[in-house]
Amino acid sequence: MLFNSLHFLIFCPTVILLYFLLPFRFRWVLLLTSSCYFYMAFIPAYILILAFTIVLDYGLGRFIESTNNPSQKRKLLILSLVSNFGILFVFKYWNFAISEWNAVFALSKLQIPYLEIILPIGLSFHTFQSVAYIIEVYYGKIKAETHLGYYWVYVMFFPQLVAGPIERAQNLMRQFHEKHSFLYENLELGLKWVVYGFFMKLFVADRLAIFSDEVYKNFSLHSGKHLLIGTYFFSIQIYCDFAGYSLIARGVSKIMGIDLMKNFDRPYFAQSLTEFWAKWHISLTSWFRDYLYIPLGGNRKGTVFTYRNLLIVFVLSGLWHGANWTFIIWGFLNGMYLVLEKLIGFQKINLRWFGVRFVYAFLLLNFIALTWVFFRAPSVDVAIAILQKIGGWEKGMELALIPGFQKKAGIFVILLFLLTELIYPYWEKAKKSKFVYLDYVFLSMLFILILTGGVFDGATFIYFQF
């Protein structure tokens, strides 16, 4: 079920209304059934995969906590990790691995057939959420959940089920055990997040997608200039698409009194790549930091190992996004740039001069935009061809009327969006006062922009594929 669908606009208010009408002891049942219904709106049979991992991890968590044998604990942890990552590998990476194997042994009889399967929506998200729970139980940082229903809700909570944020049990699980009363301030803040999320998705991301999808789909016909513009558009599109989803998820949860973590913090206003990645997909970057970077040694084993650990994290982060060499290269490039920042001691450079800050910000934003080419392109060859056309500023066909109009519309949308990004933090924190009418003016403006300029074609969210 898509957030930007009539189905959801009926489903969500109904669930919230029932949530506050039901006695507290029955609320977990409502959240569980509604979350299952939400997920089954995509491919019903795939809920069996979730059910298997949920029951398995619930049981393993209980066993890990109950045993005092370190060796037994370790075996149970390994069983959970192998099960979770094994399922993820089969559905997401098996055909990629087989294609590489078959390419290496193309002239031999060692060919392996592909699996005719579809990747379950959001599999990477709830795999990482389940793994985080098991690891925290293993190290004794949280108690294993004793109620299967509550654990099931933790893994399948519908607002963040298919595209995050990737929550930790110590934050989310306990909230399902707490009774939440209806509060007007939660409704007010939650609606702000929901409205701004829909603005980011419908008015910005889906509007920019019309032009960026066109030039990337027919890249060989378009000029380097238009490919560069399409790449800039995609940079904003993917941010608004994903951050918009996260805001809607946070808003819906907040109305019910449940707090999800902040997943984006205006990353394109960052002054370094280090800061960018501290503000982009925060739940994933913190997951890799806590469960991979730090266990590898973090920055505790010297400079060389620190850089090695950063590259490992970013390459695997790229691979997390998709089974394609384009994602691996995208992750590697970001990791290398981050290493370069640390090598030159960027954080120690004095950036008080506006000119220096401006030049570096310009270079940084262009680097981020150009690495998105690998993220967006279907193959490495296509990504390289696009970059070559951009670099050579090659000419292409004249834009048709509709794409030409969408280019101008996209530029206008980006400028308007950047203005709203500057205003949004103040609006988000605004409380009732003598200037409360300004609060309503901004809300009304967003509604008008969504209704008049939004794209209502039911476009899926980009991160659903991960």
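**Helix packing and selected residues**

Helix H12 (residues 303-321) packs against H13 at an angle of about 155°, and the two axes are 7 Å apart. That angle makes H12 roughly antiparallel to H13. Angles over 145 degrees count as roughly antiparallel, those under 35 as roughly parallel, 65 to 115 as roughly perpendicular and the rest as oblique. Axes are lines fitted to C-alpha atoms, for helices over the stretch in contact, and angles run from 0 to 180 degrees between N-to-C directions. The crossing of H12 and H13 is right-handed. A crossing is right-handed if the near helix is turned clockwise from the far one by less than a right angle, and left-handed if anticlockwise.

The model is predicted: local features need pLDDT of at least 70, side-chain atom pairs count only at pLDDT 80 or more, and totals for chains, interfaces and linings use all residues. Residues are numbered from 1 along each chain as its sequence is written, and side-chain values use heavy atoms, with hydrogens and water left out. Helices (H or I, at least four residues) and strands (E, at least two) are DSSP runs, numbered from the N terminus.

Residues of H12 that meet H13 include Tyr307, Leu310, Leu311, Phe314 and Val315. Their partners in H13 include Phe327, Ile328, Trp330, Phe332 and Leu338. Contact means heavy atoms within 4.5 Å.

Helix H13 covers residues 325-343. At 1.5 Å a residue, its 19 residues should span 27 Å, and its end C-alpha atoms are 26 Å apart, which agrees. The expected span is 1.5 Å times one less than the number of residues. Asn324 caps the N-terminal end of H13. A side-chain oxygen of Asn324 lies 3.1 Å from the backbone nitrogen of Thr326. Several residues of H13 are buried, among them Thr326, Trp330, Asn334, Tyr337 and Glu341. Buried means under 20% relative accessible area, exposed over 50% and partly exposed in between (1.4 Å probe, protein chains only).

Phe332 also sits in H13. At 39% relative accessibility, Phe332 counts as partly exposed. Phe332 touches Leu311, Phe314 and Val315, leaving aside residues up to four places away in sequence. Its C-alpha atom is separated by 13 Å from that of Leu273, 59 residues apart along the chain.

Tyr150, Tyr151, Val153 and Tyr154 of H6 make the contact with Ala169, Leu172, Met173 and Phe176 of H7. The crossing of H6 and H7 is right-handed.

Ser246 lies in helix H9 (residues 224-255). Ser246 counts as buried, at 2% relative accessibility. Its side chain is joined to that of Asn263 by a polar contact of 3.2 Å. A polar contact is a pair of N or O atoms within 3.5 Å; within protein, one must be able to donate a hydrogen and the other to accept it, and residues adjacent in sequence count only if both atoms are side-chain atoms. Ser246 touches Asn263 and Phe264, again leaving aside residues up to four places away in sequence.

Most residues other than glycine have a negative phi. Arg266 is not a glycine, yet has a positive phi of about 50°. Arg266 lies in the loop between H9 and helix H10 (273-279). With a relative accessible area of 26%, Arg266 is partly exposed. His281, also not a glycine, has a positive phi of about 40°. His281 is found in the loop between H10 and helix H11 (282-293). At 1% relative accessibility, His281 counts as buried.
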